[in-house]
Amino acid sequence: MAKKKDNSHKLDLFSALKTEQEIKMENAQDLYNFLFEACNILRGPVSQDNFKDYITPILYFKRISDVYDEETEAALLESGGDKEYASLPEQHRFDIPEGCHWEDVRERTENLGAAIVGAMRGIELANPDTL
């Protein structure tokens, strides 16, 4: 009588393999979990519901600074590199006073919260008709 081969281990091996979609979903879930935990670390004691009250103004501040830089670049190209022309208020939607740009705040190592508030307040005061 011929002996039957035991192939049960092959079935276990194949059932243990994950489909490509399952692997993608697992990786996406791992990424989500990692980012969620990073947000929790950054958020600290601030509740999730109130976190947007902190993040939205910072994103707005960063965007205003980026737009200002983009407008400066465009004016420099238009004027052949004339920095005085590029700094004219007519070249910008918002005025960013000296020391109130995102990069100015980014260079700070102490009292960062006060630096952000001060810069945003400076931008607000420099743009009374638009902000």
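Which helices each supply at least two residues of the lining of the largest pocket? Helix 5 and helix 6 do.

The model is predicted: local features need pLDDT of at least 70 and side-chain atom pairs count only at pLDDT 80 or more, while totals for chains, interfaces and linings use all residues. Residues are numbered from 1 along each chain as its sequence is written, and side-chain values use heavy atoms, with hydrogens and water left out.

**Figure A. Overall chain.** The protein chain holds 6 helices and 0 strands, in the order α-α-α-α-α-α from the N terminus. Helices (H or I, at least four residues) and strands (E, at least two) are DSSP runs, numbered from the N terminus. Of the 131 residues in the chain, 18% are buried; buried means under 20% relative accessible area, exposed over 50%, and partly exposed in between (1.4 Å probe, protein chains only). Among contacts (heavy atoms within 4.5 Å) with a separation of 6 or more, 54% join residues 24 or more positions apart.

**Figure B. The largest pocket.** The pocket is lined by Ile58, Trp102, Val105, Arg106, Leu112, Gly113 and Ile116. On a 1 Å grid over the protein atoms alone, a pocket is an open set of points where a 1.4 Å probe fits, with protein on both sides within 12 Å along at least five of seven lines, and lining residues have an atom within 4 Å of a point. The space in the largest pocket is about 160 Å³, a volume being the space filled by probe spheres set on grid points joined across faces, edges and corners. By class, the lining has 5 nonpolar, 1 polar and 1 charged residues (Ala, Val, Leu, Ile, Met, Phe, Trp, Tyr, Cys and Pro count as nonpolar, Asp, Glu, Lys and Arg as charged, and the others, Gly among them, as polar).

**Figure C. The largest nonpolar core.** Its 10 residues are Phe61, Ile64, Tyr68, Ile96, Cys100, Val105, Ala115, Ile116, Ala119 and Ile123. Such a core is a set of buried Ala, Val, Leu, Ile, Met, Phe, Trp, Tyr and Cys residues joined through side-chain atoms within 4.5 Å. Two or more core residues come from each of helix 3 (48–79) and helix 6; helix 6 gives the largest share, 4 residues. Beyond its neighbours within four places in sequence, Phe61 contacts Cys100, His101, Trp102, Val105, Ala119, Met120 and Ile123.

Figure D. The model has 5 salt bridges, each a side-chain nitrogen of Lys or Arg within 4 Å of a carboxyl oxygen of Asp or Glu. One of them joins Lys62 and Asp66, with 2.7 Å from N to O. These two residues are 4 apart in helix 3, about one turn of the helix. Lys62 is partly exposed at 28% relative accessibility, and Asp66 is partly exposed at 24%. Another joins Glu103 and Arg106, with 3.4 Å from N to O; both lie in helix 5, 3 residues apart. Here Glu103 is partly exposed at 34%, whereas Arg106 is exposed at 58%.

Figure E. The side chains of Arg93 and Glu71 meet at 2.7 Å, N to O. Arg93 is exposed, with a relative accessible area of 58%; Glu71 is buried at 12%.

**Figure F. Proline 97.** Pro97 lies in the loop between helix 4 and helix 5 and is partly exposed, with 23% relative accessibility. Leaving out residues up to four places away in sequence, Pro97 touches Gly122, Ile123 and Ala126. Although Pro97 and Ala126 are 29 residues apart in sequence, their C-alpha atoms are 6.9 Å apart.

**Figure G. Two asparagines.** Asn111 sits in the loop between helix 5 (102–106) and helix 6 (112–126) and is exposed, at 56% relative accessible area. Its phi is positive, near 50 degrees. Most residues other than glycine have a negative phi. Asn127 is in the segment after helix 6 and is buried, at 6% relative accessibility. Apart from residues up to four places away in sequence, Asn127 touches Arg93, Phe94 and Asp95.
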